[in-house]
Amino acid sequence: MQTLIVYSSLTGNTKKVAEAIYKVFGEKADLLPVEMAPAPTDYDFIIVGFWVDKGTADKKTQEYLKIIQDKPVALFATLGAYPDSEHAASSLKNAAAFLNSSNQLAGTFICQGKIDPKLIEQFRNMPGNHPHAATPERMERYKKAASHPDASDLNAAQAVFTDIKNNFDQIARQGKGKVTTS
Ligand SMILES: Cc1cc2nc3c(=O)[nH]c(=O)nc-3n(C[C@H](O)[C@H](O)[C@H](O)COP(=O)(O)O)c2cc1C
């Protein structure tokens, strides 16, 4: 089984998770940033990682997801919100919607990633009624995000992908199905 891991990362959070996942697959995988990603055609399994941008996959990832045909695909992501939030679940779902139905969603993983301090500075300068204004609750969340992805996130990502790898034959045998996130 030849695996392709493609990731999009502005500030390095998603790249860290991608490198942890790569260790699970070792020599049988290629790891590339989305800007240099090859066509998915020659691989058996495509893993795509993105940073959450406005509640969905970042633009470069969206374009890549659209070209994948007829493959088992797994998604992973980092975001500023909490990983067990509705926002995290809907961000994965919105990203999966860029995959056409010839593909099969083999699994997902999401964890927090520190927010660019420059962005937090912009939030601080926003008026109180702005949706991103720096409320105490939001500042608390940004503070929590600042330590992620941490060792436990990377372990959790590896556990999810070890499981997918071990069950890959079964996942592939299930054949092509409509992509769902359930
Ligand atoms: C322009 C921009 C938009 C973002 N939009 C969201 C968002 O909608 N939801 C969220 O939870 N985090 C959002 N974030 C936070 C990033 O998804 C998060 O910090 C991520 O870990 C960055 O990953 P990277 O280091 O791989 O670039 C946004 C960050 C930026 C810069």
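Biologist: How many helices and strands does the chain have?

Modeller: This is a predicted model, in which local features need pLDDT of at least 70, side-chain atom pairs count only at pLDDT 80 or more, and totals for chains, interfaces and linings use all residues. Residues are numbered from 1 along each chain as its sequence is written, and side-chain values use heavy atoms, with hydrogens and water left out. Helices (H or I, at least four residues) and strands (E, at least two) are DSSP runs, numbered from the N terminus. The chain has seven helices and six strands.

Biologist: Which residues have the most contacts inside the largest nonpolar core?

Modeller: In soluble globular proteins, nonpolar side chains tend to be buried together. A nonpolar core is a set of buried Ala, Val, Leu, Ile, Met, Phe, Trp, Tyr and Cys residues joined through side-chain atoms within 4.5 Å; buried means under 20% relative accessible area, exposed over 50%, partly exposed in between (1.4 Å probe, protein chains only). Here the largest core has 25 residues, and those with the most contacts inside it are Ile-46, Val-48, Phe-50, Tyr-64, Ile-68 and Leu-75. Strand S3 (45-53) and helix H2 (59-67) are among the elements that each supply at least two of its residues. Apart from it lies another core of 20 residues, including Phe-25 and Ile-171.

Biologist: Where is Asp-153 placed, and which residues does Asp-153 touch?

Modeller: Contact means heavy atoms within 4.5 Å. Asp-153 belongs to helix H6 (residues 151-166). Leaving aside residues up to four places away in sequence, Asp-153 touches Phe-109, Cys-111, Gln-112 and His-148.
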